[in-house]
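Hi,

Here is the structure I promised to pass on.

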Amino acid sequence: MHRIKPQLFWQGRKKLGLNAAKLLPVCRTLESTANELRWIKQHVAETPSIIPFGARVWKLCDRRGKGLPLAYVLGNQPFGDLEIKCRPGVLIPRTETESYTIHLSNILRRSLSSSKSESDQHQHQPLNIIDLCTGTGCIPLLLYSQLSRSHPLQSLNIVGVDISSKAINLSRQNLHHNLHAHRFPRPSSPGDKSHPQRLLHFHKADIFSPTSLDPFLSIPSLSSTSSSSTGTGGEWDLLTSNPPYISPSGFALSTSRSVRNWEPKLALVPPVERYQEEDVFYARLLEIARTYRPKRVLMEVGDMEQAKRVVRMVLGDGKLRGLYFGNGEGTRGGNERGAGAGAVQIWRDDLVGFEGYEEIMEVGVGVDGQNQTIVVKGHPEGHGRSVYLRRVGVVDDV
């Protein structure tokens with residue numbers, strides 16, 4: 001990292017005031033410094049206190065200048081149309097996560113609209129979504145927000161799970177914070193039998209412990225209304241996860257100082273050593289997918305190479321391959337083999353605005369000896385950000 005020239009500090013003081021000297025070492029440019037100073041002043045103005053305005057701005061600039069992430073300084077981070085509270089010890093939501101969550105919401109909304117045109121009975125069947133390693137709860141909260149408003153008569157059963165008590169407490173705070181700000185409809189209360197049933201819960205569990213996690217993966221234990229309204233417990237329509245995916249060496253050498261010093265290592269680096277260290281959570285997530293057969297699975301990854309490794313894990317497992325890739329008719333895991341053919345895809349960083357952009361990528365040689373190719377979606381210059389699986393027989397109306 002290049003050193004900041006003294007003249008930049010002089011220009012910052014002249015244009016922005018003394019606080020610029022605090023922010024420049026982390027912001028690096030005058031434009032970024034001006035933006036962050038504006039956000040800090042806006043935050044102070046919107047949160048009344050007996051402490052004078054200038055003193056509070058100075059204190060927050062000092063904390064930011066020492067490397068504390070801006071989301072921790074301000075206490076929140078925009079995520080779609082929500083405001084997500086952020087606290088040290090819980091991973092800050094990223095814009096890349098926001099992008100694929102919005103894309104997932106669009107897929108589910110179009111699917112619901114298509115099914116409604118066929119039968120009104122579909123709205124009485126809850127849409128079941130589970131997010132593992134939920135952190136702040138940003139993914140299930142944004143999915144709940146968008147689905148509950150676009151389909152107000154649709155029953156929902158959305159669950160977030162995390163091993164961290166801090167994360168679960170914060171996710172519940174975010175639920176109440178956005179509810180009180182009227183950003184989405186109120187979830188159904190326990191025992192409420194009115195229609196639609198909209199359930200949104202967060203639970204503490206270790207995904208590597210079947211005795212801890214399995215009770216929450218069993219849909220009837222989460223939503224008794226699903227069995228009372230349909231006669232069955234149903235199945236998961238979507239399983240999402242943004243798990244720890246950085247290796248110990250990658251955490252030490254590749255992440256920014258702000259991330260290393262302030263964000264929770266537990267949310268970034270897997271604590272166990274199997275497979276490649278950074279891939280161990282995907283082995284467990286795919287084991288869950290093999291057992292519970294969710295219609296759709298979305299797993300965030302660190303880069304394109306990791307995305308390819310996860311895809312190979314799917315295609316190298318006979319049951320998973322059969323569930324999400326099919327019987328081998330054709331070699332492309334995308335939308336080219338007809339509706340309901342299943343999909344194994346990689347999504348890049350920037351999906352919103354680039355949903356229709358697709359390219360074909362080779363991921364190795366399959367068990368049949370043929371080159372395996374899959375669809376990669378998103379901005380052509382974006383990094384590999386997630387792996388998406390769609391079960392055979394399920395159709396995405398996009």
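Leaving out neighbours within four places in sequence, Ala-71 is in contact (heavy atoms within 4.5 Å) with Asn-76, Gln-77, Cys-86 and Ile-92. Ala-71 sits in helix α5, residues 70–74; helices here are DSSP runs of H or I with at least four residues, strands are E runs of at least two, and both are numbered from the N terminus. Ala-71 counts as buried because its relative accessibility is 6%. The cut-offs are under 20% relative accessible area for buried, over 50% for exposed, and partly exposed in between, with a 1.4 Å probe and protein chains only. Pro-88 is 17 residues away from Ala-71 along the chain, and their C-alpha atoms are 9.4 Å apart.

Before you go further, please keep in mind that this is a predicted model: local features need pLDDT of at least 70, side-chain atom pairs count only at pLDDT 80 or more, and totals for chains, interfaces and linings use all residues. Residues are numbered from 1 along each chain as its sequence is written, and side-chain values use heavy atoms, with hydrogens and water left out.

The whole chain

You'll find 16 helices and 12 strands in the chain. Of its 398 residues, 52% count as buried. Among contacts with a separation of 6 or more, 69% are between residues 24 or more positions apart. The accessible surface is about 18100 Å², and carbon and sulfur atoms hold 51% of that; the areas come from the Shrake-Rupley method with a 1.4 Å probe, and for residues only the protein chains shown count as cover.

Two helix pairs

Start with α1 (residues 6–16) and α3 (residues 30–46): their axes come within 11 Å and cross at roughly 35°. Axes are lines fitted to C-alpha atoms, for helices over the stretch in contact, and angles run from 0 to 180 degrees between N-to-C directions. On the α1 side you'll see Leu-8, Gln-11, Gly-12, Lys-15 and Leu-16, which meet Leu-30, Thr-33, Ala-34 and Leu-37 of α3. That contact of α1 with α3 has 5 nonpolar, 3 polar and 1 charged residues. For the classes, Ala, Val, Leu, Ile, Met, Phe, Trp, Tyr, Cys and Pro are nonpolar, Asp, Glu, Lys and Arg are charged, and the others, Gly among them, are polar.

Then there are α14 and α15 (residues 304–315), with axes 11 Å apart and an angle of about 35°. The crossing of α14 and α15 is right-handed. Here Tyr-282, Ala-283 and Leu-286 of α14 meet Gln-306, Val-310, Met-313 and Val-314 of α15. By class, the contact of α14 with α15 has 6 nonpolar, 1 polar and no charged residues.

Is Ile-288 buried or exposed? With a relative accessible area of 2%, Ile-288 is buried. Not counting residues up to four places away in sequence, Ile-288 touches Leu-132, Leu-213, Leu-217, Leu-239 and Arg-293.

Arg-293 itself lies in the loop between α14 and β7 (296–300) and is partly exposed, at 37% relative accessible area. Most residues other than glycine have a negative phi. Arg-293, though not a glycine, has a positive phi of about 55°. Arg-28 has a positive phi too, about 75°, and is not a glycine either; look for Arg-28 in the loop between α2 (19–27) and α3.

Helix α8 (residues 165–180) has 16 residues and spans 23 Å from first C-alpha to last, close to the 22 Å expected at 1.5 Å a residue, where the expected span is 1.5 Å times one less than the number of residues. Its buried residues include Ala-167, Ile-168, Leu-170 and Ser-171. What do the buried residues of α8 pack against? They pack against β2 (82–85), α7 (138–150), β4 (156–162) and β5 (198–204).

Last one: Ser-105, in helix α6 (residues 95–118), is buried at 1% relative accessible area. Setting aside neighbours within four places in sequence, Ser-105 is in contact with Leu-143, Gln-146 and Leu-147.

Cheers

Methods
Left-handed = near helix turned anticlockwise from the far one by under 90°.
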